[in-house]
Amino acid sequence: MPELSSCLARPAAVLIAFTMTWAQARAGEPRLNQIQVIGTHNSYRLAPLPPIQKLIASAGRHHAEALDYAHKPLADQLSRLGVRQIELDLYADPKGGLYASPSAIKMIRGMGKDPGPPFDPEGLLKKPGLKILHIPDIDYRTTVPTFQSALKQIRDWSQAHREHVPILILVELKDEAIPALPSRPIPFSAAELDSVDAEIRSIFAAEEILTPDRLRGRHSTLAEAVRIGGWPTIESCRGLVMFALDNEGTIRDRYLDGHPSLKGRAMFATVDPTDPAAAWFKINDPVADFDRIQRLVKAGFLVRTRADADTRQARTADVSMRDKALASGAQFVSTDYAEPDPRFPTYSVRFEGGLIARSNPVSGDPAWKGIDLERPTGPVKSRP
């Protein structure tokens, strides 16, 4: 296995305590694939303002209900809610200004109604760079409008909390036009894909990211590294972030093109389990794919799944999908309800006892039950 110094360089004060190689990790020490944490879906998102929500509802109540959720700012999620997986939707905007004037605002003004607070008062959307939003023109509200500003918020929080377990940042690249809306997103060409990696590396130092190259180490492929070397111990990768590409299909294939086993790339990607780049998987449905998730986790892979979708589970207090997600062993369980919505107070996705990182129910050691593996040592008190 690769030595820690060559794979996960750490700040000096922390590195002194964790100079072991992964192979030398003491027996029973948890590894990254042996924990489970809670994440958020579309972590940046704010619900549409009431006039815009009514416009969406005119196309069908279920459309409006599916978009009627919101999240706290990223740092608040990380600190107060113990979230350890963030999801960001990106649109390419190399010249700037492509998403600076949502058509819904013009429509609301044309109806003589108040479109809400000033949009983009700092003018960040007018500058070149990757933008964060859900649907152009109509579902554009966000706590953080640009990829760089989101990464800076996560980096600043991480640097102030060096002992956290790795944070997964899931990135979905969007370039499909919606016929009824005027915006025409820019396709993610090879150059635009390179810009995603470039923006990541412009904010995070190399030693702060667990990349495919670092996991691979001296092994020839990622799949071999997972099978033979395994994931790093939690103690050796505290304070790090890792990135994963949500997309499959053409964008994923283009991201892999010329980068065998994701060599040189900043993000992991979902591929076939037999692919040399296999290490991490996005599997959204823990009910239909419960057995598949468990097989992958038992084989040593990382998996991200969802506990709920389109606000349905919260509205009906249906915990079946949530419970399947948690029992599946997926290391990252994503939700729109890391805390209850006051309108649906009985539904949320949290670990018993307020744990941030718990022992994985499939790949973890039962001896770690009840211990918050977010903390460097021993059991901890529950968070409020």
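**Reading cores and helix packing**

Modeller: Leaving aside its neighbours within four places in sequence, Phe243 is in contact with Phe147, Leu151, Leu168, Ile169, Val171, Ile200, Phe204, Ile209, Ala266, Met267 and Phe268. Please keep in mind that this is a predicted model.

Biologist: Which residues touch the most other members of the largest nonpolar core?

Modeller: In the largest nonpolar core, which has 76 residues, these are Phe147, Trp231 and Phe243. Strand E4, residues 167–173, supplies the largest share of this core, with six residues. There is also a second, separate core of 14 residues, and Ile56, Tyr91, Tyr99 and Tyr140 are among its members.

Biologist: How should I read the packing of two helices?

Modeller: Two packed helices are described by the angle between their axes and by the distance between those axes. For helix H8 (residues 190–203) and helix H11 (residues 249–256), the axes come within 10 Å and cross at roughly 75°, which means that H8 is roughly perpendicular to H11. In this contact Ala190, Leu193 and Asp197 of H8 meet Ile251, Arg254 and Tyr255 of H11, and by class the residues are four nonpolar, no polar and two charged.

Biologist: At what angle do the axes of H12 and H14 cross, and which residues make the contact?

Modeller: The axes of helix H12 (residues 290–298) and helix H14 (residues 320–328) cross at roughly 20° and come within 9 Å, so H12 is roughly parallel to H14. The crossing of H12 past H14 is right-handed. Phe290, Ile293, Gln294 and Val297 of H12 make the contact with Lys324, Ala327 and Ser328 of H14, a set that divides into four nonpolar, two polar and one charged.

Note on methods
Residues numbered from 1 in each chain as written. Predicted model: local features only at pLDDT ≥ 70, side-chain atom pairs only at ≥ 80, totals over all residues. Heavy atoms only, no water. Axes fitted to C-alpha atoms, helices over the stretch in contact; angles between N-to-C directions. Helix = DSSP H or I, 4+ residues; strand = E, 2+ residues; numbered from the N terminus. Parallel < 35°, antiparallel > 145°, perpendicular 65-115°, else oblique. Contact = heavy atoms within 4.5 Å. Nonpolar A, V, L, I, M, F, W, Y, C, P; charged D, E, K, R; others polar. Left-handed = near helix turned anticlockwise from the far one by under 90°. Core = buried A, V, L, I, M, F, W, Y, C linked by side-chain atoms within 4.5 Å. Buried < 20%, exposed > 50% of the residue type's maximum accessible area, 1.4 Å probe, protein only.
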